[in-house]
Structures are given as structure tokens and as C-alpha cells.
Amino acid sequence: MFKKLDFILEKYEELGLTVSDPDVIADQARWQKYIKELSEMEPVVLKYKEYKKAQSDLADAKEMLQESDEELREMAKMEMSDAQERIEALTEELKIALLPKDPNDEKNVYIELRAGTGGDEAALFAADLLRMYTRYAERRGWKTELTDISETGVGGAKQAVLRVIGRGAYSRLKFESGVHRVQRVPETESAGRIHTSAATVAIMPEIEDVQIDLRWDEIRVDTYRASGHGGQYINMTDSAVRLTHLPTGVVVQCQDEKSQLKNKEKAFLELKSRIYAHMLQQQHDEQAAERKGQVGSGDRSERIRTYNFPQGRVSDHRIGLTIYKLDNFMDGDLDEIIDALITSEQAEKMKNNQ
């Protein structure tokens, strides 16, 4: 591990000198590439420097133990103990920092929500999840765009696609893929009985142009009049766009802009992400590496998480964690569960790397 850390530190210092070279600065594409590399290495380098400082402090404390003054020796013992604790903690943090990174972690994402089993109540829950993820993005300082939605007459959402724009969005939201089950008394239930329904969530990283090549002769373009969240004026022209990728059958649509051209551009970007996600899924299936499970059919029995409103709790079944902060959670306070899922994933990676 430490040979690898020494190599990273050496490369980091070399790159630090390189980005100051006038010739490199003049080549902005090259300079940006090096700056990105520096940024990615910096957290590991800073952590490793902390580790080396703790090692140095430990060596100094051991030397102090040789002093004849009793008070100095007691001070040295305390400093040794403190340095050893820091070394142990930093060693574990460095192990985590060196774990293989998901290449999509820093990307923007598309969140696709679909009402599953449960009729109108499932659609209402899907709309609640849409609001929850929008609020979470706001808390993280990310931007959101609702690119498509099919609404019900009672305020629900049969399906919706939310684009989340922000560094690291995929790294935190990728754990949300799967079936989300809700248990609550519907507003329309006069007898006050608890109703169980479900909604599915799919998380897709946004893909840059260089990663996947699509040809327009393989895409069918349909236009239609937008409806729903766009407002009263959006229906006056055929501004909504539907793209169908003929080789795979993947379909996307976008209606959030008044301009057909802008909707076409946004739909094309989403189409690339969906096809990329489709390709990734095929690879995962072939390698049996998909351990988080599939989204499923939307059946109540296939779930990653349960939202129980009468008890005010949220339970994530993958890691066996339950919290009793349902109101906060539905208002976008997701970090406690997401942090636990990240920790669980890191522990499994460390186990597999041993």
C-alpha cells in the first residue's frame, strides 16, 4: 500500500510543477486534464501527508523517552499514544481512499421514477419520491431539471424523469435503484386502513459525448404537443420530442422546454445515458457483478426500502438499517442512510481486496 502511496505522492508533486509550465498553460485542454488529475489525487495525498506527520511525531516522542526528566518522559508517552491512534485511524482511511473508484461517481444522473403496484396511491408515492430527491439535490447544492412527467388527476406521477446536475451526484444516488415500498393510510381511504404500494427508481449516470457514439440514422424522432408540468402555453406547438433508438428499442421523451430544438438536445443526452446504462447492465449480468439487484417489476415484495408512515420509520433492507425520522427523510434528509450504504460498500470492497 505504501509503495503505491509513495508513487501517487511523487506523481502529484511532478504534476504540480507541470501545471505551472507556460507551455502547458497555453494548451488549455492539456492543462485542464492535469488539473483534474491533481484534484482527484489531492485527497489521498493530503491524507498520506497526515500519516507521514503522525509517523514523524511518533519518532520524536520515542526520542523524548530517552530524556532523564520524568515530566518529559510522561509527556512523550502521551504524545506516543496520540500519534499511534492517529496512525491507526489514518491507515484505515488510506485503505478506503485507495479502493477502486466507480468511473461514473462524479457524473450527473437521471432519476427515473415509475408508479408500481398500488394504483393511485403508488402514483402519489412516486410524486413524493420525486419531491424527496429534488429536496435532497437542493440540500447538496445540486441543480435539477424535470425532463419528463406523466401526471395523474390526483397529483400523482405515473412516471417521471429528473436530471440531477452536480459533482458526485451519481456516487451518492446510485444506491437508490430498486423498488421503494410505502405503507400508509391513503387520503381517500375512509376506513383508515393501511395501504401498501410501491414505486420503482432507476439511477442512470449522464454520459459525455466521448463515451458512446449514436447515429441519427438509427434514431426515430417524433414530435407532439407537450402537456402537464410545462404550463398553459407549452401546448400551443408540437414542442415535445420523443426519440426511439431503433437497434435497442430504448425510448426517451422530453417536454420541459418550449423549444423543440432544446427538447431534442436534452432527449438526445438522456438517450445516450439510457443506452450506456443498458450496456452496463448487460456487462453486469454477464459478469454476475450486479450485487445491488435490479429495479424489478414494481411488485410490493421486491423492495430495497420501506417507508412506514404510521410508525414514522424508514427501513433499508440491504443493510438492515431503520431510522425513525420519516418526515425529515421525505424532506430530503437522506444522508444518514446513504452514508451507511457507502460504508457498507467500502467494507465489502476492502474484504474483496484482501
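Student: In which strand is Arg-181 placed, and why is Arg-181 called buried or exposed?

Tutor: In this predicted model, Arg-181 belongs to strand S4, residues 178-184. Its relative accessible area is 16%. Buried means under 20%, so Arg-181 is classed as buried.

Student: What is the separation of the C-alpha atoms of Arg-181 and Phe-125?

Tutor: Those two C-alpha atoms are separated by 8.9 Å, while Arg-181 and Phe-125 stand 56 residues apart along the chain.

Student: How do you know whether Val-161 counts as buried or exposed?

Tutor: Val-161 has a relative accessibility of 2%. The limit for the buried class is under 20%, and Val-161 therefore counts as buried. This residue lies in strand S3, which covers residues 157-165. Val-161 and Glu-270 are 109 residues apart in sequence, yet their C-alpha atoms are 9.6 Å apart in space.

Student: What makes Met-78 buried or exposed?

Tutor: The relative accessibility of Met-78 is 62%. Exposed requires over 50%, so Met-78 counts as exposed. Met-78 is found in helix H4. Between the C-alpha atoms of Met-78 and Ala-61, 17 residues apart along the chain, the separation is 8.6 Å.

Student: Let us turn to the helix pairs. At what angle do H3 and H4 cross, and why is their arrangement described as parallel or antiparallel?

Tutor: The axes of H3 and H4 come within 8 Å and cross at roughly 155°. Angles over 145 degrees count as roughly antiparallel, so H3 is roughly antiparallel to H4. The crossing of these two helices is left-handed. In the contact of H3 with H4, the residues divide into 15 nonpolar, three polar and eight charged.

Student: What makes the relation of H1 and H3 oblique?

Tutor: The axes of H1 and H3 come within 9 Å, and the angle at which they cross is roughly 130°. Roughly perpendicular ends at 115 degrees and roughly antiparallel begins over 145. The angle of H1 and H3 falls between these limits, and the two helices are therefore oblique to each other. H1 passes H3 in a left-handed crossing.

Student: How much space lies in the largest pocket, and which residues are closest to its centre?

Tutor: The largest pocket holds about 1,400 Å³ of space. It is lined by 38 residues, and those closest to its centre are Glu-40, Lys-101, Asp-102, Asp-105 and Glu-106.

Student: Which elements give two or more residues to the lining of the largest pocket, and how does the lining divide by residue class?

Tutor: The elements are helices H1 (2-18), H3 (28-64), H4 (70-97) and H9 (335-353). H3 gives the most to this lining, with nine residues. By class, the lining of the largest pocket comprises 18 charged, 15 nonpolar and five polar residues.

Conventions:
Residues numbered from 1 in each chain as written. Predicted model: local features only at pLDDT ≥ 70, side-chain atom pairs only at ≥ 80, totals over all residues. Heavy atoms only, no water. 1 Å grid on protein atoms, 1.4 Å probe; cavity = no way out; pocket = protein on both sides within 12 Å on 5 of 7 lines; lining within 4 Å. Points joined across faces, edges and corners; volume = space filled by probe spheres on them. Helix = DSSP H or I, 4+ residues; strand = E, 2+ residues; numbered from the N terminus. Nonpolar A, V, L, I, M, F, W, Y, C, P; charged D, E, K, R; others polar. Axes fitted to C-alpha atoms, helices over the stretch in contact; angles between N-to-C directions. Parallel < 35°, antiparallel > 145°, perpendicular 65-115°, else oblique. Left-handed = near helix turned anticlockwise from the far one by under 90°. Buried < 20%, exposed > 50% of the residue type's maximum accessible area, 1.4 Å probe, protein only.
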